Amino acid sequence: MENIKISKEEFKKEVLENIKVLFRKTIDQVTPQQAYQAVAYAVKDIIIDKWIATHKTYEKKDAKTVYYLSMEFLMGRALGNNIINLRVYKDVKEALDELGFDLNTIEDQEPDAGLGNGGLGRLAACFLDSLATLGYPAYGCGIRYRYGIFEQKIVNGQQVERPDDWLKHGNPFEVKRTEYGIDIKFGGNVRVVKDADGREKFVQENYQSVRAIPYDTPVVGYGNNTVNTLRLWDAEAITNFDLEAFDRGDYHKSVEQQNLAKTIVEVLYPNDNHYQGKELRLKQQYFFISASIQLAVKKYMQNHKDIKKLYEKVAFQLNDTHPAVTVAELMRILLDEYALNWEEAWAVTTKTCAYTNHTIMSEALEKWPVELFSRLLPRIYQVAEEINRRFVLELQAKFPNDHERIKRMAIIYDGQIRMAWLAIAGSYSVNGVARLHTEILKKQELKEFYELSPEKFNNKTNGITQRRFLLHGNPILADWITAKIGSEWITDLSHIKNLEAYVDGKKDQKEFMQIKYQNKVKVAEYVKKYNGIEINPRSIFDIQVKRLHEYKRQFLNVLHIMHLYNELRENPDMDIVPRTFIFGAKAAPGYKKAKLIIKLINNVANVVNNDPAINDKIKVVFIENYRVSIAEKLFAACDVSEQISTASKEASGTGNMKFMANGAVTVGTMDGANVEIVEEVGIENAFIFGLSSDEVIKYEQEGGYNPWDIYNENKNVRRVVTQLINGTFSQEDPEMFRDLYNLLLNAGNDQADQYFILKDFDDYCAAQARIDVAYRNEAKWAKMVMLNTANCGKFSSDRTIEQYATEIWKLKKVDVVMPKEL
């Protein structure tokens, strides 16, 4: 393990120099944000030599490289993570103390780059950390969104979206690489011409274009010399200003290219409830994919002569369906720019591309209208048409006369391009992200593709980086673990199993629970400061933080809170352990039902928190603008981890793993990675409830569930559902939550209670009651939470990446040696 040595005096000198050069100030004049910038640039200087050495080593060894293509990278703050992975945290902290700066205060000046919306983007970030730590050559490729997802404000209990101006002060860790700019073409028409040999060539004309400019950010491996690269693409106009158009008074035309470039990178996931939003989203996807693929191919050809061997040195990993256009774009490059014939190009493409499916939800398997796709990407559409034509011929040969199957499997059908089908057809590997998820893909959603090409399908259960979510996010617990079992767990989480030797020790239990209490105090202080709510750190912290979606069932959670409140109102002396329910979630701007659930949570919180009759036995908190830096605090403080998605709907989940590592007990369904968590920790150390995935799928296929039966027979259900429309939690407008009532009871909906909330309600309440009983037994509870931490070893992204690297990408580890050591 590489241990870098820095001179504290040199580091202090560099910080002071940065303050002077960057801001024309002395240390006594500097603002906290300027202090952060000065420190970040000083840390970047430590990184740069390793970064240069890494890429020189990769080139010298001609190492195969994976390009991880993702619309989202939810990286979190970089400064703290970088100095931990450089192993200079203590030195930097002491140097800053001597300068009169507090490292925690400086870290808090760094914005969370909102370049993702949830688990998909955070997983990508964990994977990059693991790739660098394990020494595998990799680039992460995405978009440098100007405003990211959005900054969430809660106004009168409702979500209001505001621009997330994360680049307001610049990003000190990034490096602009103008020399690697790539032109991207949209629209126009395609003309066929013959070359000197009589071969057809396809020429795109009358197009609009923008220039993609990469901004590289270092991804530092832990305790080694490896620094990989996150490459985020910005867009610039090829011609910034059309003076001729301006002079003739056509002011809009004069800045047309500027506006096109600006719009493409303005925001993550533009609302696609309208045509313009769909068009922009497709532009974004093609923009970063085309730029990434073009540059990767150019880089390969600088040192290799045979484009037909691209797959020996390059792997493209498609992180979900958004990058599926990779298949057609790589084909275009091979056909049009390197003059391969179709069979040669297809052979290269299908040995280079691999696809990860992240969802069972059909709504997320993207489809594009042919009219939009062919107009915006005319040459890519031609390529996709030919891929589809040949694929259909293959299907007809294998399944003669099975027209219905071919309709279901065709990449282009009924005026739509099915992007997931394109990704599967053009990839050599198709993986799910938890064992249950992969089995459902093989048996349900992608059954016919599995029957066609079973050799492509495999499982890679997701993981998290313990360096971000334990070492950095929970330093008190991390130090305690290291004191007990040594530091090997930091790079090999399987070592954390050695904690099992301490789970019965009374002194060890007391120490572990004291650490949990200290973390709960910090969250209580945060909630008091930002929410104005007093919460009891001795209460059970019951936390659900994740993207707001109906299948994740925040709605079920809040219905249980309403039920508990009703019971306390009827019996104020009821003996329960005080409970603090904490939510954090963003809803997509166009997702009205999800936003209404946020409003319900906040209205319930307002009623519950201000009712003296229940004597503070329960409190409800909604954390505004949930993000990675807040997540780290909440994972460390959590007692009960809410993982309550409808069984069969959550592909994996990774929040469940982060809570587990920090010593929280799961209340959940047997869904996604919960299944594997329970296998590791034992079902007696979790609180499992609800329908199984098989039961859910059976109801969906065969029917037989009517939520009215439960409503009519269960008075507790009837009461909470009625409270949605009688003004109990919306006195100003009793009809406010009518749409949520309708979701449950099919008033005007095609399918009643689609996510089986009422079906699972009683079992969920019973699981919550079991938690109340278990928490009272301090020794038993301490053992449960310690066992959760001790058994989280499987869920490291290091293990996941090792499997990807050896089983899918066929990468080799590269040991980076610094020049002075050569």
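What is the relative accessible area of K8?

Reply: K8 has a relative accessible area of 26%, and therefore counts as partly exposed. That class lies between buried, under 20% relative accessible area, and exposed, over 50%, computed with a 1.4 Å probe on protein chains only. The model is predicted, so local features need pLDDT of at least 70 and side-chain atom pairs count only at pLDDT 80 or more, while totals for chains, interfaces and linings use all residues. Residues are numbered from 1 along each chain as its sequence is written, and side-chain values use heavy atoms, with hydrogens and water left out.

K8 takes part in a salt bridge with E94, in which the closest N and O atoms are 2.8 Å apart. This pair connects distant parts of the chain, 86 residues apart: K8 belongs to helix α1 (residues 8-23) and E94 to helix α4 (residues 89-99). A salt bridge here is a side-chain nitrogen of Lys or Arg within 4 Å of a carboxyl oxygen of Asp or Glu, and helices and strands are DSSP runs numbered from the N terminus (H or I, at least four residues, for helices; E, at least two, for strands).

The whole structure contains 62 salt bridges. One of them joins R375 to E279, with the closest N and O atoms 2.7 Å apart. Here R375 lies in helix α13 (residues 370-376) and E279 in helix α10 (residues 275-303), and the two are 96 residues apart in distant parts of the chain. R375 is partly exposed at 36%, whereas E279, at 18%, is buried.

A further salt bridge pairs E439 with K442, at 3.2 Å between the closest N and O atoms. Both residues are in helix α17 (residues 435-445), three residues apart, and are therefore separated by about one helical turn. E439 is partly exposed with a relative accessible area of 28%, while K442 is buried at 18%.

A nonpolar core is a set of buried Ala, Val, Leu, Ile, Met, Phe, Trp, Tyr and Cys residues joined through side-chain atoms within 4.5 Å. The largest such core has 124 residues, and W489, F555, I618 and W781 touch the most other members. Leaving aside residues up to four places away in sequence, F555 touches I597, L600, L724, L740, L744 and I757, contact meaning heavy atoms within 4.5 Å. A second, separate core comprises 116 residues, among them I307, L310, I387 and A425.

Helix α6 (residues 119-134) is largely enclosed by the rest of the structure, because 15 of its 16 residues are buried. G135 follows α6 and has a positive phi, near 85°.

The model also holds an open sheet of six strands, paired in parallel in the order β20-β19-β18-β21-β22-β23; pairing requires at least two DSSP bridges between two strands. The edge strands are β20 (618-623) and β23 (687-688), each with a single partner strand, so one side of each has no neighbour in the sheet. Strand β22 (residues 665-668) runs parallel to β23 and is joined to β23 by two bridges, with V667 opposite F687 of β23.
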